[in-house]
Amino acid sequence: MGSVTLRYFCYGCLFTSVTWSLVLFLYFTLSQESQPFRYVPIPGGQSSSHQQRFQPRFTRAPPADLPREQPHRPAVQGRKPVDLSPEMGMIFNEQDQEIRDMGCHKHAFNVLISNRLGYHRNLPNTRNEKCKEKVYPLALPSASVVICFFNEAFSALLRTVHSVLDRTPAHVLHEIILVDDNSELVDLQEELHVYVRQNLPGKVKLVRNEKREGLIRGRVIGASHATGEVLVFLDSHCEVNEMWLQPLLTPIKEDRHTVVCPVIDIISADTLVYSPSPIVRGGFNWGLHFKWDPVPLSELNNPDGAIAPIRSPTMAGGLFAMDRKYFNELGQYDSGMDIWGGENLEISFRIWMCGGQLLILPCSRVGHIFRKRRPYGSPGGQDTMAHNSLRLAHVWMDEYKEQYFALRPELRTRSYGDIGERLAVRKRLQCHSFRWYLDNIYPEMQVSAPHNKAQQPVFVNKGLRRPKVLQRGRLRNLQVDRCLAAQGRPSQKGSMVVVKACDPNDPEQEWAYDEEYELILAGLLCLDMSEIRSSDPPRLMKCHGSGGSQQWTLGKSNRLYQVSVGQCLAVTDPLSHKGYVAMAICDGSQSQQWQLEE
Ligand code: LR7
Ligand code: MN
């Protein structure tokens with residue numbers, strides 16, 4: 001395609017007519033042998049009324065060391081490796097346009113491409129080479145795969161189901177349970193019924209909730225229908241990769257108190273391209289948002305190196321396997337939690353604090369479509385993440401819930417329903433304290449001291465002592481060759497930052513990077529990333545000296561990594577002159593490369 005870059009924006013659903021003419025011209029001149037697309041149109045239905053913005057909470061380091069080879073299993077007949085060339089998203093007529101636009105609106109990913117991919121495709125082998133040498137027992141516990149969905153795109157859901165059927169040995173796959181969480185899309189409901197009856201008899205069960213329950217109660221309902229020995233939860237827009245299940249079932253067979261997660265590979269919401277994720281593990285910040293952390297050396301320091309199981313303080317939430325009886329003994333989920341959010345940290349704390357362990361298995365890979373916003377809200381429009389987080393803080397976090405309230409003081413007096421049953425779970429299982437969890441499982445977590453039940457925690461006051469500056473200079477973005485500066489004045493608290501033409505003589509472009517990992521502009525304000533609204537862009541704020549939201553790592557790889565949200569600073573639209581930047585999944589791309597030059 002020469003120097004012309006074809007780009008798909010699902011987020012915001014932008015595609016100008018100029019681009020169209022160009023795309024069509026290039027398509028008709030360059031591509032003669034394109035194959036007919038498999039095509040499953042989904043007629044429109046009702047759309048969900050509350051659209052929430054959210055931030056992909058995912059970090060990637062440059063996947064340099066990961067092999068990108070072809071699938072080692074021969075392609076199944078009729079399932080050619082998918083050529084995700086730019087034509088895949090081409091719009092030929094008004095119907096295509098409508099599918100694309102409605103898809104963006106209702107599902108927040110490119111449904112046109114998803115439909116064209118069909119229900120089967122080959123995936124790149126993203127596992128480390130050494131995984132092939134691993135031998136797993138033939139006799140493994142049987143698995144019930146539980147997939148909850150609400151208004152999911154038909155093709156994405158069916159690709160999830162078929163990827164499981166295609167890539168799981170029959171003797172370990174006991175069943176797949178689809179829990180329709182009272183989806184409003186009438187066609188989805190009807191088509192799915194027919195499809196399951198006609199094409200998926202036997203192992204696939206379809207359950208429909210009479211009212212919308214949310215993914216947390218939805219999973220408990222799914223689990224109550226399951227009869228396999230192990231429960232495997234998946235989101236409804238996943239694709240499992242080769243040999244995904246055996247590495248997960250093996251540690252559970254060895255110790256039923258082990259809960260396991262695959263590495264979650266990335267399926268782009270814009271292009272549906274499947275790409276490998278690096279090995280990271282789960283953490284969280286005091287805003288009670290999940291984040292990815294680098295794996296500490298102590299975890300990698302074992303004979304199996306890159307492929308050994310990794311102890312993870314938390315899980316992302318959607319993709320994990322657990323002994324079914326253990327799931328019940330451990331208290332399933334908190335059924336007082338609604339719709340979305342918080343349950344991932346709750347079950348993670350519960351596993352560790354009550355005698356279990358949580359592992360990530362690098363040899364198990366499952367792709368997930370990462371969307372830039374959630375295309376649905378809660379039925380009453382409530383902030384279910386805050387409600388659920390409050391419940392988890394009150395049940396599990398002891399005095400450390402003050403860390404959360406310091407960031408969310410308005411929630412201190414908010415009611416959160418009855419937690420008696422959950423406190424009883426904690427007592428019955430004789431769980432450790434949250435302090436124990438922090439000391440033993442997540443010692444990397446920084447705690448602001450002192451914390452006191454009655455008051456907000458007081459941040460350590462550094463008085464006049466300023467941390468030592470390690471480096472000074474302009475922060476040049478290597479893709480656009482422009483420098484990071486305040487959008488307004490560098491003295492203006494709350495100002496956003498943008499990239500501007502670099503000017504070596506402009507003191508307003510001078511950043512200081514100090515031993516506390518702060519980035520200070522023009523000696524005035526610190527680059528700060530809100531832990532509460534992690535979808536906001538970073539801003540200039542008064543330096544508070546307590547790390548977290550103002551802690552940035554500027555590594556050899558040239559990325560500017562924000563510790564609290566676990567993401568990297570990126571130029572959002574390199575072609576635009578506005579110069580906007582935002583936090584994004586770390587993917588090692590040029591837009592995320594920065595150089596601090598004197
Ligand atoms: O009311 C609902 N009912 C549902 O059945 C709302 C959602 N759902 C379904 C939905 O169709 C989907 O299959 O629940 C599943 C998860 O919802 P998503 O895909 O909107 O969630 P997410 O991927 O944005 O969010 C992550 O965090 C959630 C917190 O509640 C859940 O734990 C998700 O399962 C989880 N997803 C992952 O962990 C995938 C990797 C993402 C990362 C990091
Ligand atoms: Mn998801």
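This dialogue covers a ligand shell, a helix and some backbone angles in a predicted model.

Reader: Which residues come nearest to ligand 1?

Author: L215, S236, A316, G317 and G318 come nearest, out of 25 residues around ligand 1. By class, that shell has 10 nonpolar, eight polar and seven charged residues. Strand 2 (143-149), helix 6 (215-225) and helix 10 (343-353) each supply at least two of the shell residues.

Reader: How should I read a helix, and is helix 11 largely enclosed or exposed?

Author: In an α-helix there are 3.6 residues a turn, so residues three or four places apart point the same way. Helix 11 is largely enclosed by the rest of the structure, because 11 of its 13 residues are buried. Among the buried ones are M385, H387, R391 and W396.

Reader: What do the buried residues of helix 11 pack against?

Author: They pack against helix 10, helix 12 (401-407), helix 13 (420-428) and helix 14 (434-440). As for length, helix 11 (residues 384-396) reaches 18 Å from its first C-alpha to its last, close to the 18 Å expected.

Reader: Which residue with a positive phi follows helix 11?

Author: Most residues other than glycine have a negative phi. D398, which follows helix 11, has a positive phi near 45°.

Reader: Where is L288 found, and is it buried or exposed?

Author: L288 is in the loop between strand 9 (280-284) and strand 10 (290-294), and its phi is near 65°. L288 counts as buried because it has 25 C-beta neighbours inside 10 Å.

Reader: Where does Y517 lie?

Author: Y517 lies in the loop between strand 18 (511-514) and strand 19 (519-521). Its phi is also positive, near 65°. With 17 C-beta neighbours inside 10 Å, Y517 counts as partly exposed.

Methods. Residues numbered from 1 in each chain as written. Chains lettered and ligands numbered in written order. Predicted model: local features only at pLDDT ≥ 70, side-chain atom pairs only at ≥ 80, totals over all residues. Near = placed C-beta within 6 Å. Helix = DSSP H or I, 4+ residues; strand = E, 2+ residues; numbered from the N terminus. Nonpolar A, V, L, I, M, F, W, Y, C, P; charged D, E, K, R; others polar. Expected span 1.5 Å × (residues − 1). Buried ≥ 20, exposed ≤ 12 C-beta atoms within 10 Å, placed from the backbone. Contact = placed C-beta atoms within 7 Å.
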